[in-house]
Amino acid sequence: MGRIVVLPDSVVDQIAAGEVVERPASVVKELVENSLDAGASEIVIELEAGGSSLVRVSDDGCGMDRDDAVLAINRHATSKIRSSRDLVGVATYGFRGEALAAIAAVSTLELETAVEEDGGVGTRVRAVAGKIESVDRIARRRGTAVSVRRLFFNVPARRKFLRSLRSETRAAVEAVVLLALARLDVSFRLVSEGRVLLDAPRTSQIAERLAALFGRRFAEELLPVDFASGAISVRGFVQRPADARPAGRRAYLFVNGRPFKDPLLVRAAEAGYRAAINPGCRPSILLAISLPGESVDVNVHPAKLEVRFRDRFLVERAVEEAVARALRPMEAAAAFGSGSVGFRSGEFMAAVAPGLSGGEASPVTEGSLFGEAESRAPLAPGGVGNPIQVFATYIVFETPDGLAIVDQHSAHERVLYEAAMAQLKSGGAAAQHLLLPLTIELEPSELAAFEEHRDLFRSVGFEAEAFGGNTVVLHAVPNPHPRFDARRCFEELVADLTRGRFGAWKNRLERFAATYACRAAIKAGQLLEPVEIRELLSRLFACELPPHDVHGRPAIVQLPRAELERRFGRS
Amino acid sequence: MKFTIAREQLQEGLTAVAPSVPAKTTLPVLGNLLVEATKDGVRLSATDLDVAVTTVVPAEIDSEGGVTLPARKLVEIVRELPNAGVRVSAIGDQRVQIECGRSKFKLLGIPKEEFPRFPPVKFDRPWRVTSGDLQKLIEHVAFAASTEESRPILNGVLWELRPERMRMVATNGHRLARMELPAAGGKDSADLIVPPKALEQVRRLFDPSEELEVARTDNHLGFRSGQTRVFTRLIEGPYPNYEQVIPRENDKIATVDRQMLTAALRRVGVVASDQTHRVRLAFSGGTLRFSVNTPDLGEAHDEIAVSYQGDPLEIGFNASYLLEILKYMPTDEVRLTFKAPERAATVEPVGWDDPASYLCLVMPLRLID
Ligand SMILES: Nc1ncnc2c1ncn2[C@@H]1O[C@H](COP(=O)(O)OP(=O)(O)OP(=O)(O)O)[C@@H](O)[C@H]1O
Ligand SMILES: [Mg+2]
């Protein structure tokens, strides 16, 4: 007798449900996406017990008539595409027609919905484990409310895997946050056990939405990203390097308005920071990538959490470049006081949610999505007015929008870091041979660290020779500036490498370059001649990322003119 | 304190000492000049704690005493006064009234007790040197001293005094200058390490024909001629053994026109990196080729005719070191000698009609391909 049988529908549905519906947050995501696809402008999410007792999503979208409401719960019932051709560049969140069916299969689902034309009369469909139990006429206004109770009541294995109430709640909130970032034109409200956890009214200002979701402070730490290369554009926000922290970073990626996860792209964004952040810290990133619909396949993941790019390399490069450029201009320098930098509001929405506004599925094309990229030219070295040195540590000069204050050590570090990286990659810097070789006594562990990095020492210009015992003799040294103290730099560099001071940096070259730059740079407290000040500034502004040093601290701080005006009562 | 002095005399004294007042200082009294009325005249002094300069100018003294006055203001006032007698009188221990014709000023100073005293130097058995000889040494050597502060000895200029000659040497560890002159300095030998800024005052203050007395007491050195004196702290030695690094086996010798070499280095230097100013020199036969290649910026090539003996050689240099040395070379032609791309090169004048001998040395830069 054959052992193979065709599974009953109920089992098939449960298997499918397992892919789409992993936890209450997946239910929230699917239902809110449906509301957005239905053109809702107000969405309310209610949770009980982290969503495991109840998830209810109510909207004021287009609703369904009686026939559609019944169909909606069936597998592969969708109003959003008609054939596989429509999948290309699909611009609604849903298109498979399986979410409701999958949710219904593992819960008790109640769908209440009404369309405008039926004048206050609607439909209530009740289903248990995917089976429709009742279809009733009810009175209700336009829109839809879906209540999902007793999730996984019939899949005890899944139920067991649910995590703590708190972490389920957090995941659900996170799902809403993602969509709330994409759609400023919709208000979102999430209530859990009667407490409002999220309240984001409609707005046209991304700053307001960010403040509503994350608090004002976070919003002020962000720098705008606005970059286009060929058909790819990247807009959004990245955190100012100095504000990046070791924990609690937020990384949100959208492609053509659709949130997705992609650790490699996050890493590409981090690469754009070019060592400007402390290696232990991770920056927050909110990036909206737009590209022609046919360049990205969104139908590769059961919960649509991942996408596939036709040319991933191009996208990674665009993201990295976009971030690097966002950090370049003077506005990216840390600011204090109000009237500060950061926000150019209003641009984000167009970037994040281009093809997804309203229920209409307009194909995504370039150009229609992006405003003119604002040009934020880096400050020209000629434009620094008359820089002066204060406290033998900072350089102050005037910019069009305020006062810039440069930390001479950090700035020089940035300059030398980029130069050292270039030297390490290209095979070496010019080394100055010494008339009087320097003899340096090392500890055994230091000698080992030196030997281990010998090639890199050579590349930046240290020609050293073991001299027996723990002694090395330097015959040639780098000569990055006239005040360079080769012996001290070498000793400190060896000590840092021995103690793994920059150990958090995984990349060996970067770690070495950062250590070298830190040790070779002029120190705070060093008086500089006017020509040296100018030279330092002009080299700083020739760097890739002038405003940031290599430890996640600012190299430039700005005192905005607006802040001065406020303090002096001129505004 | 009360005295009357001709404006020109006062001006002359101020011109001698005022340049030694430090431009920036955290100790306010160093921004002042010490003005003292003594039996011999008015003594003016300035110091930055490392170097002190004093001079005495003739004046009619009514009563002795002293005060310190802000140097800059005093110089400005005296510059604007008419050529006439200037009456200076102290009011208490820190105010001074200055009168000249119908102009009258009152200046607030600082009591003279606060002005740092330099330890006295005894001129009982001095060396005697001609100011012009000393100037020549200073001019050709002091530039090579180090400005980087980690090896204080190299911040100084070594001055070797011998019974029948004197020599100065300075180096920053990358390049070196050495000059020697026959001189009957008298008495014993000494090796002094002198801060270049003291030498600069000596070079500036004394006429080439003057005979200077130089004396040392403990760790201080004094120079004097007439009424003007310069004192300086000495840097503690020993100075590194420079003789041992002066190459004796350089077997590749080029004779080059100084102007042509300078011009070519400047031209190709335009695209050299500002960090290392690296240029590559290639000697072979009768030509010297220059090339510079700076990633991200560009390249430059040039060549000049030279007379060269030895195997072909390619060697890298910091162009600014070469240019600096060429600037001090006293003749139209210079001789360069080499051994190998990582060994010291020398530069010397050719056909210098002078009893002095002059040698500069420069260490190459590592070439990378
Ligand atoms: N809140 C709602 N308002 C109006 N119509 C809705 C709503 N929710 C679902 N629908 C209708 O029900 C259909 C099925 O929804 P379902 O989520 O199962 O599939 P989908 O959204 O088309 O695709 P996917 O499985 O990719 O989410 C939708 O195509 C839509 O027509
Ligand atoms: Mg859906």
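**View 1. Where chain A touches chain B.** In this predicted model, 22 residues of chain A are in contact with 23 residues of chain B (contact puts the C-beta atoms, placed from the backbone, within 7 Å). Helices (H or I, at least four residues) and strands (E, at least two) are DSSP runs, numbered from the N terminus. E20(A) gives this side its largest share, five residues. Sorted by class, the side of chain A has 11 nonpolar, six polar and five charged residues; Ala, Val, Leu, Ile, Met, Phe, Trp, Tyr, Cys and Pro count as nonpolar, Asp, Glu, Lys and Arg as charged, and the others, Gly among them, as polar.

Residues count from 1 along each chain as its sequence is written, with chains lettered from A and ligands numbered from 1 in the order written. Local features need pLDDT of at least 70 and side-chain atom pairs pLDDT 80 or more, while totals for chains, interfaces and linings use all residues.

**View 2. A nine-stranded open sheet in chain B.** Follow the order E14-E11-E12-E13-E26-E25-E24-E18-E22, with antiparallel pairing (strands pair if DSSP finds at least two bridges between them). At the edges, E14 (190-194) and E22 (307-309) of chain B each pair on one side only.

**View 3. Two partner strands in chain B.** E18 (residues 252-257) and E24 (residues 333-338) of chain B run antiparallel, paired over six bridges. Here Lys252(B) sits opposite Phe338(B) in E24(B).

Definitions and conventions
Two residues are in contact if their C-beta atoms, placed from the backbone, lie within 7 Å.
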